[in-house]
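The following report describes selected features of a protein–ligand model.

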Amino acid sequence: MILVLADHDRGELSELSLQAVEQGRQLAQTSGVPLHALVVGTGGSAAAASLGAYGVATVHLAVHDGLTDYAPAASARAAAELVARLAPLAVVGVGDQRGNEVLAHLGAITELPVAADCTSVVLGDPTAVVRARWGGNLAEHALLHAPVALVSVVPHAVRAGVPGNGVAAVEEFTPELADADLLVHVVDRTAEVGGGISLTEAKVIVSGGRGVGSAEGFGMLEELAGLLGGAIGASRVVTSAGWRPQAEQVGQTGTKVSPDLYIACGISGASQHLAGMASSKTIIVINNDADAPIMSHADYAVIGDLHKILPAVIEATRAALA
Amino acid sequence: MEVLVCIKRVPLSGGRFVLTDDSTEIDTKRLGFTVSPHEETAVEVAVRLIEAHGGSSTVLTLGVPESEEQMREAMAIGIDRGILLETDGAEWDGQATAAAIADAVRADGTAFDLILFGNESADAAGSQVGVRVAHLLGRPVLTGLKGLSVADGRLRGERPIAGGREVFEVPLPAVASVKDGVAIPRYPSVPGRIRAKKKPIERSTPARPPSRLEKVSFTLPAETGKRATVLGNGPEAADAVVDVFRKIGAI
Ligand SMILES: Cc1cc2nc3c(=O)[nH]c(=O)nc-3n(C[C@H](O)[C@H](O)[C@H](O)COP(=O)(O)OP(=O)(O)OC[C@H]3O[C@@H](n4cnc5c(N)ncnc54)[C@H](O)[C@@H]3O)c2cc1C
């Protein structure tokens with residue numbers, strides 16, 4: 001069988017978890033084996049029951065007094081118990097922070113290798129994977145030499161499955177956990193400060209790079225973002241200069257975004273920046289260099305000094321909205 | 001307190017990578033080298049913790065002898081000494097890397113209160129090493145931190161989650177992996193660079209076990225073949241920009 005680690009946050013299954021379930025379903029189908037899932041914590045019981053609709057035959061619901069919120073080492077311990085008991089061909093997780101964290105713990109506990117951020121998995125001996133490096137700017141073809149393939153799948157490599165009318169058997173079990181397994185768990189949560197439109201949800205992002213020149217320079221970008229109901233993004237040059245908070249950084253080590261419209265002002269288009277925004281629906285560039293690398297990833301461009309162009313664009317937008 | 005920070009030398013290329021003829025490596029002939037912003041942040045965090053709490057800091061890397069360059073950069077902003085685990089340039093998978101680091105920590109003998117990593121390396125990005133080192137040394141580990149503080153023998157870490165942040169707290173000694181943004185790395189000063197040259201680096205050459213995640217080859221993503229339509233030069237193009245806004249329904 002194939003075991004999927006279905007992450008939920010206080011009962012809510014994420015879209016990415018459903019994508020991992022779909023990857024698991026495809027692997028199970030190819031190998032002709034059933035699909036199982038692990039859901040951790042009593043808070044996940046409704047989520048567990050809903051997985052049948054996505055092709056899961058059996059859900060293992062790990063319940064334990066200590067499992068009240070996300071606890072990565074304990075989740076991995078529960079998964080390791082299933083690996084030992086059920087000998088799956090593969091364990092599939094989400095290639096996000098939590099998914100890769102739990103898989104790393106599982107790899108450490110079982111002394112198995114892990115292939116993180118896969119875009120393709122072909123089970124076998126060895127298992128062949130393709131995985132994303134450099135934020136997707138390089139694909140690595142690799143072999144996983146292990147009796148159980150531990151893999152995470154890169155977000156959005158597949159769509160979540162369409163729910164059908166399948167019903168999963170939910171089997172509760174109480175994993176054997178030591179105090180050390182429960183040491184790391186969520187102790188508190190803080191709400192987003194500042195409010196405003198979050199970068200990942202914004203439909204429009206007005207983003208600035210070194211060419212903006214200063215913190216004050218972002219005033220123009222804020223004005224345009226305000227008119228378009230958008231959020232501000234930035235390159236790493238901008239965040240490491242302290243012109244904007246790092247939370248606004250787009251790219252390989254920042255946030256990955258995919259808005260309807262991305263306006264890149266004074267950004268050259270380094271591969272690490274592209275890693276975070278190249279999948280935006282429409283990209284408009286404002287840059288004084290007609291040969292900047294970002295030109296071969298953009299749809300439209302205005303060539304020239306952004307300090308002269310942006311005020312004119314703001315003016316024209318305001319007129320159009322009036 | 002004693003802090004260890006682990007970094008990795010990687011090629012620096014803002015553009016499309018060029019591969020070697022057999023497609024097994026990035027062609028680095030024309031490239032400089034750096035470390036991930038996550039690791040630059042980890043180094044800055046280590047230096048700040050020592051400034052605040054006293055003690056000393058150590059930088060460790062597993063890599064080619066030239067990785068000394070990245071270690072000296074870390075020393076230039078305040079790290080005290082280095083441990084360089086030399087390799088011949090062949091790739092080590094996450095499991096092997098973690099084992100070598102855990103062995104080096106034991107051999108060094110320093111009672112590190114905190115071992116810092118970047119959340120994932122810039123190149124291989126396996127998201128494995130910090131967690132595996134923590135298991136090998138029997139310590140708790142927090143990963144992906146965007147906020148970190150140490151007080152009263154405890155490590156508090158925060159990381160983003162939809163709608164806010166989740167908070168973790170563990171006793172020291174611990175392991176943590178951090179992300180770009182926890183602290184803005186400072187620039188090294190000239191005296192800092194001079195001092196860095198004299199700081200000690202201990203070298204050893206661990207043996208590489210067979211890869212269990214074995215890299216076979218690389219491929220580049222397809223060229224986009226895209227070329228932006230130039231709407232115009234300078235402010236005169238503003239109306240054409242607004243036309244695009246209209247066309248895609250942004251206004
Ligand atoms: C491992 C790693 C991870 C990284 N992660 C990220 C990341 O997450 N996000 C990120 O952004 N970067 C990241 N970087 C850094 C990245 O490589 C680039 O250094 C950075 O993206 C460049 O930012 P920039 O485009 O603002 O600056 P530059 O590359 O300097 O480009 C500035 C652009 O502005 C134009 N310009 C200048 N003045 C004007 C003007 N007056 N009007 C119009 N145009 C003007 C120039 O022509 C140029 O195209 C990472 C690097 C590494 C090694």
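Helices here are DSSP runs of type H or I with at least four residues, numbered from the N terminus. The model is a predicted one. In that numbering, Q23(A) belongs to helix 1 of chain A, which spans residues 15-31. A residue counts as buried when its relative accessible area is under 20%; at 11% relative accessibility, Q23(A) is therefore buried. Apart from neighbours within four places in sequence, Q23(A) has contacts with V92(A), V153(A), A157(A) and V158(A). The C-alpha atoms of Q23(A) and V121(A) are 9.0 Å apart, although 98 residues separate the two in sequence.

**Helix 6 of chain A**

Helix 6 of chain A covers residues 218-228, and its buried residues include F218(A), M220(A), L221(A), L224(A), A225(A) and L228(A). Viewed down the helix axis, the buried residues of helix 6 of chain A lie within an arc of 150°, so they line one face of the helix. The cover over these buried residues includes, from chain A, strand 13 (204-208), strand 14 (231-234), helix 7, strand 15 (261-265) and helix 9. Chain B also takes part in this cover, through its helix 6 (238-247). Just beyond helix 6 of chain A, G229(A) adopts a positive phi of about 65°.

**The ligand site**

| Side chain | Distance to a ligand oxygen atom |
|---|---|
| Q272(A) | 2.7 Å |
| H273(A) | 2.8 Å |
| N287(A) | 2.8 Å |

On its own the ligand would expose 980 Å², and the protein buries 83% of that area.

**Backbone particulars**

Which residues does a cis peptide bond join in chain A? The bond links D125(A) to P126(A), with omega of about 0°. P126(A) is located in the loop that connects strand 7 (114-122) and strand 8 (127-133) of chain A. In chain B, the peptide bond from L172(B) to P173(B) is cis, and its omega is near 0°. P173(B) occupies the loop between strand 10 (164-171) and strand 11 (174-178) of chain B.

D117(A), not a glycine, has a positive phi of about 60°. D117(A) is part of strand 7 of chain A and is buried, with a relative accessible area of 13%. W134(A), likewise not a glycine, shows a positive phi of about 50°. W134(A) sits in the loop between strand 8 and strand 9 (138-144) of chain A. With a relative accessible area of 4%, W134(A) is buried.

Notes: Residues numbered from 1 in each chain as written. Chains lettered and ligands numbered in written order. Predicted model: local features only at pLDDT ≥ 70, side-chain atom pairs only at ≥ 80, totals over all residues. Heavy atoms only, no water. Polar contact = N/O pair within 3.5 Å; in protein donor to acceptor, adjacent residues only side chain to side chain. Areas by Shrake-Rupley, 256 points an atom, 1.4 Å probe, with all protein chains shown as cover. Buried < 20%, exposed > 50% of the residue type's maximum accessible area, 1.4 Å probe, protein only. Helix = DSSP H or I, 4+ residues; strand = E, 2+ residues; numbered from the N terminus. Arc of directions from axis to C-beta. Contact = heavy atoms within 4.5 Å.
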